[in-house]
Amino acid sequence: MAVSETAEPQRLTIDELRTLFLFESLDDEQLGWLAREGYVVAVDEGLVFSEGEPATCCYVLLSGELRLCKLSHGEEVEINRTTQRGVYAGAFNAFFGADDRKAYTATMRVIEPSEFFVVDAKTMAIMMNTWFPMAVHLIEGFVMGMRRTNETMGERERLLALGSLSAGLTHELNNPAAAAVRAVSTLRQRVAGMRSKLAMLADGTLDATKLHTIVELQEAAVERVAKSPERSPMELSDAEDKLFEWLDDNDVAGGWDVAPVLAAGGLDVPWMEEVLTAVGPEYLEGAVRWLTYTIDTESLMNEIDDSVTRISTLVGAARQYSQIDRAPYQTVDLHDLLKSTLVMMSGKLLGIRVVKDFDTTLPPIPAYAAELNQVWTNIIDNAVSAMAGSGTLTIKTKRDGENAVIEIGDTGPGIPPEIRNRIFEPFFTTKPIGEGTGLGLDISWRIVVKKHHGDLRVESSPGDTRFKIVLPLDPESD
């Protein structure tokens, strides 16, 4: 800050102070004390103080022009420019005890040579606490109360979201787990049947050549199961009917029970003719039963494999989502975070069409991964609620200069223009009392803007609402 220095600080008289609206209601004794403690500073064009620096002074404009800016997404955004005499900036909340109140909350520059009446922050704190102790207590109580409320309700919002996701995850895990349990139970029965049938086949009446032939047929059947193409219900029904007729014609008992298994494994009448030729009519029924057990067990093992893979995928998604075993701040792939969130929220997305348009060239970025997952969750949850269980959720990523952009859109009714500017306010919600805390978007905004130095904005019209999360690729360069 370029300050014009003088040997003795210039002071203002009581009458001059009274012309400043900030002090106009003070009595003569208070104004006299302020006149002695405060002083006039002349500032050349340029920077006066920067956002985040220790707040040491309170500034009241006497003449000239000032410009106040806030950092957003690494860039300064002008929030006020004025020549109005008496406007104030700087350490005017320094009388609060909390440490985070002792830094400048904005950056101030002067557009032309200007003069300020300056009061040191410590002096302002003494003045406020001495002259207006009740007001200070009330204001500090209100501010601290709001902060505690925000923290408590924010924690509750996170717990509610986690509870909802946990319930969905439990449901998603239960399905493949139950399928695996059922498959294991059935598989045990089939293996017992195979042991019994093996004893029948090898009771001394079956020569070694035919036993080797049946084993070869077994391996061929396993390969057919693995390569069996997907067939429509009608095609499968036709295949079962043809196999049943062939089995019946060749005196294989229980063909109605065997044919569906053989058809599901991709076996057909020509292949069964090869079996008949290989083992002969005498051993056909035993061979058919053996092959049926083989196909059934192979299908059951495939089902178990699919179920366990699904469980592993869900557990992996839960670990990726929670970041429970990883450092809070790390280099992450945004697409991995988005995918894990979608898996965790799959129970809520029933009936919703999900479209993913990912820019695969987007590089990993340093971020608080678990907190970004909370942002996706909050926005997607709002989108699903807006669409009332039916519509399209679109998630798009792209690079915009030195930033990554994540766009989450829905086809709901849109956000009315009259409330669009309020949706990021804490406790503002359009949901009925008890159904929403109004903190989801406020928390999201603070995570994106405050913690990641990014930006969160919304564009909305009926049928097209899009939240855009902008994150710097290299936060250290801001």
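1. Accessible areas here come from the Shrake-Rupley method with a 1.4 Å probe. On that basis, the accessible surface of the chain comes to about 25,200 Å², and carbon and sulfur atoms hold 53% of that area. The structure under review is a predicted model.

2. Overall architecture. The chain contains 13 helices and 14 strands. Of its 478 residues, 43% are buried. Among the contacts in the chain with a separation of 6 or more, 76% are made by residues 24 or more positions apart.

3. Salt bridges in general. Side chains of opposite charge can pair when their charged atoms come close. A search of the whole structure finds 13 salt bridges.

4. D381 and K348. These two residues form a salt bridge whose closest N and O atoms are 2.8 Å apart. D381 lies in helix α11 (residues 369-387), while K348 belongs to the loop between α10 (334-344) and β9 (352-357), so the bridge ties together parts that are 33 residues apart in sequence. D381 has a relative accessibility of 19% and counts as buried, because the limit for that class is under 20%. K348, with a relative accessible area of 32%, is partly exposed.

5. E371 and K451. A salt bridge joins E371 to K451, and the closest N and O atoms are 2.8 Å apart. Since E371 is in helix α11 and K451 is in helix α13 (residues 440-451), the pair ties together parts that are 80 residues apart in sequence. Both partners are partly exposed: the relative accessible area is 23% for E371 and 34% for K451.

6. A further contact of K451. The charged end of K451 also sits over the ring of Y368, at 4.1 Å from the ring centre.

7. R457 and D455. R457 forms a salt bridge with D455, with 2.8 Å between the closest N and O atoms. R457 is partly exposed at 37% relative accessibility, whereas D455 is buried, with a relative accessible area of 16%. Elsewhere among the charged residues, salt bridges that share partners join E407, E459, D464, R466 and K468 into one network.

8. Aromatic pairs. A search of the whole structure finds six aromatic pairs. In one of them, the ring centres of Y59 and F116 are 5.6 Å apart and the planes stand at 85°, so the pair is edge-to-face; the angle cut-off for that class is over 60 degrees. The pair links distant parts of the chain, with Y59 in strand β4 (residues 57-72) and F116 in strand β7 (residues 107-120), 57 residues apart.

9. Ring pairs link Y59 and F116 with F49 and Y104 into a cluster.

Notes: Residues numbered from 1 in each chain as written. Predicted model: local features only at pLDDT ≥ 70, side-chain atom pairs only at ≥ 80, totals over all residues. Heavy atoms only, no water. Salt bridge = Lys/Arg side-chain N within 4 Å of Asp/Glu carboxyl O. Helix = DSSP H or I, 4+ residues; strand = E, 2+ residues; numbered from the N terminus. Buried < 20%, exposed > 50% of the residue type's maximum accessible area, 1.4 Å probe, protein only. Phe/Tyr/Trp six-rings, centres within 6.5 Å; stacked < 30°, edge-to-face > 60°. Lys NZ or Arg CZ within 6 Å of the ring centre and 35° of its normal. Contact = heavy atoms within 4.5 Å.
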